[in-house]
Amino acid sequence: MSTRKQVVEILNQVADLLEIKGVDYKPRAYRRAAREIDSLTEDLTDIYEEGRLEDIPSVGKNTAEKIAEILETEKLEYYEELKKEIPIDPELLKVRNLGPKKVKKIWDELDLTSLAELEEALKSGKIREIKGFGPKSEENILKGLKIVKESQGKSHLSEVLPEARRIKEGLVDSSLFDKVSFAGSLRRRKYEVGDVDILATAGDRDKAMDHYTTLDGVEEVLSKGETKSSVRIKTGLRVDLRIVDSASFGSALQYFTGSQEHNVRLRQLAISKGYKLNEYGLYAEEAEEKVAGAIEEEMYQKLDLSWIPPELREDRGEIQAAGEGELPGLIEGDDVMGDLHCHSARSSDSHIPLDVLVREARKRNYSYLAVTDHAEISGIVGGLTDDRVAEHVDQIESANSAVEELDLLAGAEVNIQPDGTLDLGDGSLKELDVVIAGVHSHFDRSRAEMTERTVRAMENPNVDIIAHPTGRKIGERGSFDLDWGKIFARAEETGTALEINASPARTDLEDKLIKRAKEEEVKLTIGTDSHRVNHLDYMELGLNLARRGWCEKANVLNTLPLSDLRAWLAG
DNA sequence: GCCGTTTTCGGCCCGACTGTTTTCAGTCG
């Protein structure tokens, strides 16, 4: 575990324990600090060594000392003491319907500290006997416990989006609703989505809710009311529908889109300007006069902010930027001119014949597409070798001359060896239009070695793009640790682009690193890493990532017309 | 514990819902 993750984990657990203890405000302070540290892209150790810990927002003298202690000793005495005082597994707090107060209560009453003990106490009926609990609590905690045990219950955006769209369509098509919009993390296009939030207005709410809870695909109705109903659909996904007055649609949309951190910040701003902000509207303080509510844009406008695209609402400086008129003009789907990372059937793990790639690219109105087949990794046969590159280039060129309005680029995805060399020779790489280099093996090296390895690959003048820079595979292996200061600096100096790999299994780079890359003036590309026909659709996911990373059209190379792209690739 | 175009001390977002209570505490988003 990286030291940064370790610090974040300990600070969050300190917050958990303090919350159980019943301390006010401190837990929030620790959590805020943890969140800031988690979103750092700079190396925490560097910050510490340069004595800049207190420059991190929400980190004061006290927390800085604690971070220093963790970095030096990999432990925190304060945390160890707390654990002795309150020997409770913080996992308990993840159980829905079980917060710090109730956790403390069951510990006080039954001396139970773990999920296993909780389950036992529930089953033997001990929980319901505690004052303040009852049969309903028992039932709800059991439900919450089940969800915790069945993994953390988050799904990838790519799985959720089609289901959510189907539900939304089912609402729109019924004509029972006037406005229907996604809200929540789905609207912000986070790559991990817990549940789907839909917001709507409707004339006849009862009829509308009846329709919703009986939609095709609904497995279970979790709750049903006039303003809010929740269902679980066949894939296990939970979908919440809220029906609001159209006079409050904008404020509700703003509110339910979040993020929570964004909303807190926005409310603070509202207060400082003499307003009160809630999901029903924006109110002038004394008069209780509603000044905005029906339209989301107006909510921001009245607070002297430009409208903030949902993807940016993460409290990463967007409110300040909106106040100063400095929000980025985010990249749009139509800006993308082509896909720079696709595999044809030549790659032994891809099943897309070249003519199918061509067909799909044309269908999407791309003006170019790079066919970047794998170099042969030891043990996997059939990939590109120095002997086969000429044939690959010939094949692409002849396919190219057969199609109009689309240019195929001959490329390769080569492997970065542990020492930073590549598995195709420079002579071969020179023949190719696009060279993507990526780490595909030997992930267990140190931060310094991984950084050096990647930097060396960037220093090869034939390398255009670093593929999936952190190497992570979601649910399989984490990101490897890199010295991002060095990576971004060398990328910028060598004119190497970093890839936003749109494949849901990778989702790499992530938004916060994209944002930092942009700030460091590093060029980015969006690639789908397609190995199957339907993977070309991942472009939308890559676009979401880029937008969440504050990218404008100018930051992403595959928005360039072909001639400019070629000039960049050649440079 | 942090922070300051209301403050270096005194605040720290806000409302709905639920289940348990006899008027509200706890949890959630």
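Which polar backbone atom is 3.5 Å from a phosphate oxygen of DNA strand B? In this predicted model, that atom belongs to Lys136. Helix H8 covers residues 135–149 and is among the elements that give two or more residues to the surface near DNA strand B. A polar side-chain atom of Ser137 lies 3.2 Å from a phosphate oxygen of the DNA, and for a polar side-chain atom of Tyr280 the corresponding distance is 3.3 Å.

DNA strand B is surrounded by 39 residues, of which Ser58, Gly60, Arg96, Gly134 and Tyr255 are the closest. On the DNA side, sugar or phosphate accounts for 71% of the atoms within 4 Å of the protein, and bases make up the rest. The elements that supply two or more residues here are helices H2 (26–38), H4 (61–73), H6 (100–110), H8 (135–149) and H13 (260–272), together with strand S8 (275–278). Helix H13 gives the most, with five residues.

Chain A is divided into domain 1 (4–151), domain 2 (155–243), domain 3 (248–323) and domain 4 (333–570). Between domain 3 and domain 4, the C-alpha centres are 39 Å apart, and the contact takes eight residues from domain 3 and six residues from domain 4.

Turning to the sheet, five strands form an open arrangement with mixed pairing, in the order S2-S4-S7-S6-S5. Strands S2 (177–183) and S5 (218–224) are at the edges, each pairing on one side only. From one strand to the next, the twist averages 25°.

Helix H12 (residues 249–257) lies across S2, S4 and S7, and runs at about 20° to S2. Tyr255, one of the residues closest to DNA strand B, falls within the residue range of H12.

A cis peptide bond, with omega of about -5°, joins Gly258 and Ser259. Ser259 is placed in the loop between H12 and H13, and H13 is the helix that gives the most to the surface near the DNA. Another cis peptide bond joins Asp508 and Leu509, with omega of about 10°; here Leu509 lies in the loop between strand S16 (497–501) and helix H21 (511–519). Finally, Tyr25 has a positive phi of about 70° although this residue is not a glycine. Tyr25 is found in the loop between helix H1 (3–21) and H2, and H2 is in turn one of the elements that give two or more residues to the surface near DNA strand B.

Definitions and conventions: Residues numbered from 1 in each chain as written. Chains lettered and ligands numbered in written order. Predicted model: local features only at pLDDT ≥ 70, side-chain atom pairs only at ≥ 80, totals over all residues. Heavy atoms only, no water. Pairing = 2+ DSSP bridges. Helix = DSSP H or I, 4+ residues; strand = E, 2+ residues; numbered from the N terminus. Axes fitted to C-alpha atoms, helices over the stretch in contact; angles between N-to-C directions. Contact = heavy atoms within 4.5 Å. Near = heavy atom within 4 Å. Polar contact = N/O pair within 3.5 Å; in protein donor to acceptor, adjacent residues only side chain to side chain. Domains from an automatic or database assignment.
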